[in-house]
Amino acid sequence: MHPQIAAVFDEAENRYLKPEELKLISQYVASMPERLDAYRSLRDRELEIVQAVADQLEAASPQESEETLERCLKNALLMLRYCALSLLVNDESLVERRFLAWVSPLAKVYDTKAIDAKLYRLLNQQLSKMLTAKQLSYLSPSLSLAQEALLSQSSTPQMVVSH
Amino acid sequence: MISVADLLVNNRIPGNFFTPDVYVRGDLEVGLLENRQGDRLLAVPETLIQAIYSGLYKETGQANRLVLFNCGKWWGKSFYTRFCEQVTGYYSLPLADMPMVEFIQALQECWMAHGWGKIEMDQTYQQRGFLIVKIQNSAFARLAPQHNQPACHLEAGILASFFSQLTGKELGCIQTSCESMGADCNRFLLGLPKRLEPIETMVLNLDHDAIMQQLCA
């Protein structure tokens with residue numbers, strides 16, 4: 001749940017909620033049908049969206065190994081799933097805690113920033129074709145958060161320990 | 001041609017198994033903590049850690065370090081088994097196929113989720129046959145009695161046993177810097193026991209850098 005709304009519910013334990021607090025809740029509730037629609041579209045068309053991205057990415061990056069491209073696409077799938085979840089519960093911090101905390105150190109080691117940048121461009125194109133402007137506005141805070149965080153980090157040399 | 005459907009395993013992409021808000025589950029009513037698989041977790045209060053230190057010291061005197069180290073070894077042995085089960089189960093990969101970076105990262109996340117601090121591997125001396133493990137924010141160091149030597153014998157035991165099993169070689173572990181003595185982090189040196197022998201006396205009067213210099217001179 002969005003931290004602000006969660007805080008409002010915590011307050012409701014002690015007193016009736018103020019008009020502006022209720023407004024926050026009603027705004028969220030009013031946005032729910034649209035959020036659910038967007039979530040359903042993302043869920044049902046996940047493969048179609050990412051497959052289109054994969055085909056274009058493969059064509060645009062003939063020099064990259066399939067392994068690298070697959071790794072980036074897997075991260076993109078994971079990113080999309082967490083962004084969809086965060087759109088539903090209106091909480092971007094979820095992307096940070098559950099997605100970025102895991103994927104950024106790995107993306108840093110594998111140094112896939114250049115491919116990721118291409119991939120995100122293609123992905124965002126697909127998403128803007130498929131979602132309404134309103135739906136996109138609900139998705140984009142978490143999506144930009146994830147993409148910007150991954151594209152802005154510097155690379156580190158790969159670890160070389162073996163089993 | 002990459003098939004995106006084939007990238008999904010059982011229709012999912014594994015992320016971070018150890019995300020704290022998913023990994024640790026509590027039931028306030030019954031007062032139990034569990035991990036996401038339903039295994040019981042124990043919350044260890046500071047008083048208990050302090051009591052273990054002081055009780056052991058009273059009962060065993062100087063030997064308390066060895067006792068803690070050996071307890072750590074037991075703990076590390078079961079921790080390794082559990083960790084591997086969780087990781088291989090969740091990522092649907094046999095351990096040998098898991099990239100080392102991901103294995104280490106899972107270990108870091110696991111360490112953090114359990115509240116043991118931040119763990120890092122430093123491979124500067126890998127060619128020399130030593131691995132340095134750094135741990136920050138360790139409660140075992142923070143609550144340790146103040147002495148003029150490193151205090152995290154329990155963690156040293158855990159690491160010795162964990163990495164011995166991971167590498168299939170019997171490894172020793174000696175702590176070379178300690179938060180309880182004002183160091184920025186706890187450093188543990190892992191290597192073959194014979195090669196670590198000379199360090200046991202060095203830790204009493206040399207800091208980590210000086211020890212590494214002597215060791216690799």
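The crossing of α1(A) and α2(A) is left-handed, meaning that the near helix is turned anticlockwise from the far one by less than a right angle. This is a predicted model: local features need pLDDT of at least 70, side-chain atom pairs count only at pLDDT 80 or more, and totals for chains, interfaces and linings use all residues. Residues are numbered from 1 along each chain as its sequence is written, and chains are lettered from A in the order in which they are written.

**Helix pair in chain A**
- Helices here are DSSP runs (H or I, at least four residues), numbered from the N terminus.
- The axes of α1 (residues 3-11) and α2 (residues 19-44) of chain A come within 10 Å and cross at roughly 130°.
- Axes are lines fitted to C-alpha atoms over the stretch in contact, with angles from 0 to 180 degrees between N-to-C directions.
- Q4(A), I5(A), V8(A) and E11(A) of α1(A) meet E21(A), L24(A), I25(A) and Y28(A) of α2(A).
- Contact means C-beta atoms, placed from the backbone, within 7 Å.

**Chain B against chain A**
- In chain B, 17 residues are in contact with 26 residues of chain A.
- α5(B) gives the most to this side of chain B, with 6 residues.

**Chain B overall**
- Chain B has 10 helices and 7 strands; strands are DSSP runs of E, at least two residues.
- The C-alpha trace of chain B spans about 60 × 50 × 25 Å along its principal axes.
- Of contacts in chain B between residues at least 6 apart in sequence, 54% join residues at least 24 apart.

Definitions and conventions
Contact = placed C-beta atoms within 7 Å.
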